[in-house]
Amino acid sequence: MQKHINVKVSRLPHSEGLSLPAYGTTGAAGVDFLAAISETITVKPGERVLVPTGLCIALPENYELQLRPRSGLALKHGIMLPNTPGTIDEDYRGEIKIIVMNAGQESFEIERGMRIAQGVLAPVVHLHWEEVASLDATTRGSGGFGSTGR
């Protein structure tokens, strides 16, 4: 049985006529966000742009919205979100905008209504630091980057 959480959404004028973010299939984890732009944006290789969605949201307490790249855009065109996952905090009320980067070899055009990112609602658990003099020993210890690989 799927659990549904209500999220309030407010539409800005430049998103009129576009669908609200929706799941592509019944088993999808993320909703697809659309570009709420008036003119096509060309993203050159290596370039980053900020793409408006025209939406503001109010998340429930103890939730975040994680913004992630769309796998098809990443594979076919090298279109990524450089701060993946991007976090929309529960107390943010401004417009959701997507940082898009072209890691591909050719320019990419973003058109109005294009699915540019996906959003996954996730619970948030706040930590409380407990400062101690030392930590318990493990087999790995302080081995870092690549220390467990071969």
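Me: On a 1 Å grid over the protein atoms alone, a cavity is a set of points where a 1.4 Å probe fits but cannot get out. How many cavities of 30 Å³ or more does this rule count here?

Reply: Rolling a probe the size of a water molecule over the atoms shows where empty space is left. The count here is one cavity of 30 Å³ or more. The model is predicted: local features need pLDDT of at least 70, side-chain atom pairs count only at pLDDT 80 or more, and totals for chains, interfaces and linings use all residues. Residues are numbered from 1 along each chain as its sequence is written, and side-chain values use heavy atoms, with hydrogens and water left out.

Me: How much space lies in the largest cavity, and which residues line it?

Reply: A volume is the space filled by probe spheres set on grid points, which are joined across faces, edges and corners. Lining residues have an atom within 4 Å of a point. The largest cavity holds about 50 Å³ of space. Arg11, Ser15, Leu18, Ser19, Leu20, Pro21, Leu34, Thr53 and Leu55 line this cavity. By class, its lining has five nonpolar, three polar and one charged residues. (Nonpolar: Ala, Val, Leu, Ile, Met, Phe, Trp, Tyr, Cys and Pro; charged: Asp, Glu, Lys and Arg; polar: the others, Gly among them.)

Me: What is the volume of the largest pocket, and which residues lie nearest its centre?

Reply: A pocket is an open set of points with protein on both sides within 12 Å along at least five of seven lines. The largest pocket has a volume of about 750 Å³. Its lining comprises 26 residues, and Ile5, Val7, Tyr23, Val31 and Leu121 lie nearest the centre. Two or more lining residues come from each of β3 (31-34), β5 (48-58), β6 (63-68) and β11 (115-123). These are DSSP runs, numbered from the N terminus: helices are H or I of at least four residues, strands E of at least two. Strand β11 gives the largest share of the lining, five residues. By class, the pocket lining has 19 nonpolar, six polar and one charged residues.

Me: Which span does UniProt list as a domain?

Reply: The unreviewed entry lists residues 19-149 as "domain: dUTPase-like". In the model, that span is 5% helix and 39% strand. Its end C-alpha atoms lie 45 Å apart.

Me: Which residues does the "binding site" annotation cover?

Reply: The unreviewed UniProt entry gives Arg70, Ser71, Gly72, Asn83, Thr87, Ile88 and Asp89. They span 20 residues in sequence, and the farthest two C-alpha atoms are 26.3 Å apart, so they do not all gather at one spot. UniProt positions follow the numbering used here, feature names are shortened, and annotations may be inferred rather than shown by experiment.

Me: Take arginine 70. Is it buried or exposed?

Reply: Buried means under 20% relative accessible area, exposed over 50%, partly exposed in between (1.4 Å probe, protein chains only). At 18% relative accessibility, arginine 70 counts as buried. This arginine sits in the loop between β6 and α1. Beyond its neighbours within four places in sequence, arginine 70 contacts (heavy atoms within 4.5 Å) Asp32, Arg115, Ile116, Ala117 and Gln118.

Me: Where do glycine 72 and threonine 87 lie?

Reply: Glycine 72 is in helix α1 (residues 71-77). Its relative accessibility of 32% makes glycine 72 partly exposed. Threonine 87 belongs to strand β8 (residues 86-88). Threonine 87 is partly exposed too, at 42%. Not counting residues up to four places away in sequence, threonine 87 touches Glu64 and Leu65. Its side chain makes a polar contact of 2.9 Å with the side chain of glutamate 64.

Me: Which residues does alanine 35 touch?

Reply: Leaving out residues up to four places away in sequence, alanine 35 touches Leu18, Val51, Pro52, Ile110, Glu111, Arg112, Gly113, Met114 and Ile116. Alanine 35 is buried, at 0% relative accessible area. Its place is the loop between β3 and β4 (41-43).

Me: Which residues does a cis peptide bond join, and what is phi of asparagine 62?

Reply: Most residues other than glycine have a negative phi, and most peptide bonds are trans. Threonine 84 and proline 85 are joined by a cis bond, with omega about -15°. Proline 85 lies in the loop between β7 (79-80) and β8. Asparagine 62 has a positive phi, near 70°. This asparagine is in the loop between β5 and β6, and is partly exposed at 35%.

Technical notes:
Polar contact = N/O pair within 3.5 Å; in protein donor to acceptor, adjacent residues only side chain to side chain.
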